[in-house]
Amino acid sequence: MTDPRFRVHPSPIGDILIVATSSGIVQLHPFEGPLGAELERIALELRRAPEPDDTAGGDIDRQLEEYFAGERREFDVTVDWSGVRGFTRAALEAVREIPYAETASYGEVAVAAGSPRAARAVGTACATTPFSIIVPVHRVVRSDGSLGEYGGRSDVKRFLLELERDAIEH
């Protein structure tokens, strides 16, 4: 892994932190609070501090803008899965298969990931994912169809689902 690089991309759901290495994007998620605290957390995970770089993650900024404009349904980026292992990775890869503007329950994702009784573990995988939006954990809902959590920001989850549904309708 080369030294991690980062940049911040503004979006309708707040600032999105993008961290990448030569192997791909290692973190992409909206964040609240001071950037320095978020970078410290990531430095601990990666065992090295990311450096600022306006080109980190390639053209992901353009792809995010297209997504938020309702023009992009899939992301064409290289994701570096090296920090995600075991069932968490299986669950997140299953989440990537949920079609745009559709949802799946935690239990359905558990089945797709090969562990039908692991719905709670799917919830943990979604809550701790380093990849938000490009791995659409916002499309995972409770078995009764209610939204559930999204990093403590169910308003963001609702916004993303409505954005996708509106894009399909227009």
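Buried stands for under 20% relative accessible area, exposed for over 50%, and partly exposed for values in between, with a 1.4 Å probe and protein chains only. The model is predicted, with local features requiring pLDDT of at least 70 and side-chain atom pairs counted only at pLDDT 80 or more, while totals for chains, interfaces and linings use all residues. Residues are numbered from 1 along each chain as its sequence is written, and side-chain values use heavy atoms, leaving out hydrogens and water.

**Stop 1: Ala 101 and its loop**

Keep Ala 101 selected and show the loop between helix H3 (86–95) and strand E5 (104–105), where this residue lies. Helices (H or I, at least four residues) and strands (E, at least two) are DSSP runs numbered from the N terminus. Most residues other than glycine have a negative phi.

**Stop 2**

For a distance check, pick the C-alpha atoms of Ala 94 and Gly 14: they are separated by 26 Å, and the two residues are 80 residues apart along the chain.

**Stop 3**

Now select Ser 132, in the loop between helix H5 (119–128) and strand E6 (140–141). Its relative accessibility is 5%, so Ser 132 counts as buried. With neighbours within four places in sequence set aside, Ser 132 is in contact with Leu 28, His 29, Pro 30 and Tyr 150.

Is Ile 133 buried or exposed? Ile 133 is buried, at a relative accessible area of 2%. Phi of Ile 133 is near 70°, a positive value in a residue other than glycine.

**Stop 3: the two domains**

Colour residues 5–69 as domain 1 and 86–167 as domain 2; such bounds come from an automatic or database domain assignment. The C-alpha centres of domain 1 and domain 2 lie 20 Å apart. Domain 1 gives 14 residues to the contact and domain 2 gives 13 residues.

**Stop 4: the whole chain**

Zoom out to the cartoon: the protein has 6 helices and 6 strands. Their order along the sequence is β-β-β-α-β-α-α-β-α-α-β-α. The radius of gyration is 15 Å, close to the 15 Å that the globule rule gives for 170 residues, so the protein is as compact as a globular protein of that length. That radius is taken over C-alpha atoms, and the rule is 2.2 Å times the number of residues to the power 0.38. The C-alpha trace spans about 45 × 40 × 30 Å along its principal axes.

Of the 170 residues, 49% are buried. Among contacts with a separation of 6 or more, 58% join residues 24 or more positions apart.

Last, show the charges: there are 19 positive and 28 negative side chains, and the centres of the two sets lie 6 Å apart. Lys and Arg count as positive, Asp and Glu as negative, and His and the chain ends are not counted. Each charge is placed at NZ of Lys, CZ of Arg, CG of Asp or CD of Glu.

How values were computed: Contact means heavy atoms within 4.5 Å.
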